[in-house]
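Here are some brief notes on the charged residues of this structure. Please read them with the model open.

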Amino acid sequence: MPRCCACAGEAPPDRLRDHLVAMGATVPPDGSALALLDGEPGHATGPFTAEGRAAVGEVTLHNAAELRAALAAAGAPAPPGCADGELLLRCWARLGAAGLRAANGMFALLVVEGGDLVVIRDHAGARTAFYARADGCWAAATSLRALRRWPALATGLNLAAVRSFLTFAYLPGDETLLTGVHEALPGRVLRLAADGSTTDESYWEPEERLTPPSGRAADDPEPHVLGLRALLDEAVACRLPEAEPVGVLLSGGIDSSLVTAIAAKRHAHPVHTYSISFGAELPNELGYSGLVAAHCHTRHRVLTVPGRTVAERLAETVALLDAPVGDPLTVPNLMLAEAAADEGLRVVLNGEGGDPVFGGPKNLPMLVFEMHRAADPADPAIVPDPVGPLGDGDARAEAYLRSYRKCYTDLPRLLTPEAAEALAEAPHPRRLVAPYLRPGRMNALLNQLLHCNLRTKGAHHILTKVERLTASRQLQGRAPLFDHRVIDHAFATPPRLKLSGAVEKWVLKEAVRDLLPDTVVDRPKSGMRVPVQRWLEGPLRDLSAELLLGREARARGLFRAATVREWTRRRGTLLPRHGSKVWLLLTLELWLRAHDLPPT
């Protein structure tokens, strides 16, 4: 199945359709300015019409029966057999924001309404869309590459987004690496009006609701544990395919293990599980994933990922993504998708979402920062309150950027003077996280950190990476822990039940304790040890040096050759994480080449 695009504005219909053709779309003969992009793997259907509106989209609904019942109750029953995209369009047209909130699924819907173009993205951001304006009209697509091909759009490299990528290892917010092109935000209805104006309305956002259930003491964990268990059961069950096997990407951690256990319990068909290994000599979690697979009676398979395979397939994998991600698991993730597809599966579940929703270990640096700041706010070692050009900075946002430990603190010695000067007046990356880290919608510090992680890394790295890589092999990657009802419950759970003393994700572990061996539930998170440095010193050594120090990279004028050379040769005051920094630069360079962004 393909991806999709749409165009709207005050231009004549023929010109709108010409724009779509220029983007690579197959334009339908009905005269509408909505089309499919047949050359790109996705899940798009349409165009379809309802309630005087036309739409196209990538829409998978997990509760279609509930939505049909809601429409029928509103006196507007959906026709039998209508596609998920049309059903979602009808829910929005007839029920408005309430209809979108009720939808449970993965969707990016593009709607033409008169001269306006409306972009609707699902609650958590499993699917996405991009938009731009040129020649007096708006265009939107579920493929960034389509907008890159649009001749009317004089786009180029967005230098501010390069800085953001080097800071986060992905692109949070609406930034893309293309000037003039933006990403729609999750949980929003974005209206691109014919006159060039935009309005962005939220139909769902997590809220902190810490009032104890009626008749329960504030410190009673039972309703939170039992309520979560019921929601987890339903979140996994509604994502299981009908009458066919399902796959689960199983790392051996608590998140993927609980998804495996519930799937095995609720599914009447075989459950296949997949784990990866980088070699027996490296630390891994295969003992735990094998234990869970045996406990749940799944059909288990371990894929070994040699470094030479990563080197051979890295460029191909990066090219599949709408934005680079500095995640060394991209090639292994693609190989897992291929293994599942080769065994005839169409749906694979994963355990993504446990950390950003329930409080994983990546919050520790920020909690330590706050502890020291509270102990002695006058301590000069504490990061001061910096104020950027827009007055957008504060100490917490600055500490958050530093906690990523990517290239943020290296920018002064990594960027060329010309690149640094060009960025002097650009909005600071702090603006992308600061709104989440202030009291308001979330008042508890842990909830602020989780909300920030959910709306940045969750929506713009974790979910979109999984979706793009699985879709490239005609699979649907589904993440039960990102179910918006599970998220709502998490933010209604007291923070002390998520981070209980030194126990991370306590409420999540207690909710599934009866499903898994104690050794899986109670062990601390260790994470997968990816041998990035070994790859960069072995099969990727020549490639990284050639790409990062070659003529084309130097011509971009982004990075100081001396710093890049020092990193690639592991000279100077280097730490082990410099391997991951070289990985960021390599991934960025490969992405720029794949998306035809030559030096200017």
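**Notes on charged side chains**

1. The model is predicted. Start with E510, which is partly exposed at 25% relative accessibility. R513 also counts as partly exposed, at 25%. The side chains of R513 and E510 form a salt bridge, 2.9 Å from N to O.

2. Salt bridges with shared partners join R3, E58, R127, D322, E467 and R468 into one network. The count of salt bridges comes to 41.

3. R127 is buried, at 2% relative accessibility. E467 is buried too, with a relative accessible area of 5%.

4. E343 pairs with R301 in a salt bridge, the closest N and O atoms lying 3.2 Å apart. This pair links distant parts of the chain: E343 is in the loop between α11 and β15 (347-349), R301 in strand β14 (residues 299-304), and 42 residues separate them. E343 is partly exposed at 35%. R301 is likewise partly exposed, at 35%.

5. Is D342 buried or exposed? D342 counts as exposed, because its relative accessibility is 67% and the cut-off for exposed is over 50%. D342 belongs to helix α11 (residues 330-342). D342 and R473 are 131 residues apart in sequence, yet 9.3 Å apart in space, C-alpha to C-alpha.

6. R551, R554, R565 and R569 form a positive surface patch. Of these, R554 is found in helix α24 (residues 551-556).

Methods
Residues numbered from 1 in each chain as written. Predicted model: local features only at pLDDT ≥ 70, side-chain atom pairs only at ≥ 80, totals over all residues. Heavy atoms only, no water. Helix = DSSP H or I, 4+ residues; strand = E, 2+ residues; numbered from the N terminus. Buried < 20%, exposed > 50% of the residue type's maximum accessible area, 1.4 Å probe, protein only. Patch = residues over 30% accessible without salt bridge, like charges linked within 9 Å, V, L, I, M, F, W, Y side chains within 5 Å. Areas by Shrake-Rupley, 256 points an atom, 1.4 Å probe, with all protein chains shown as cover. Salt bridge = Lys/Arg side-chain N within 4 Å of Asp/Glu carboxyl O. Lys, Arg positive; Asp, Glu negative; His and termini not counted. Charge placed at Lys NZ, Arg CZ, Asp CG, Glu CD.
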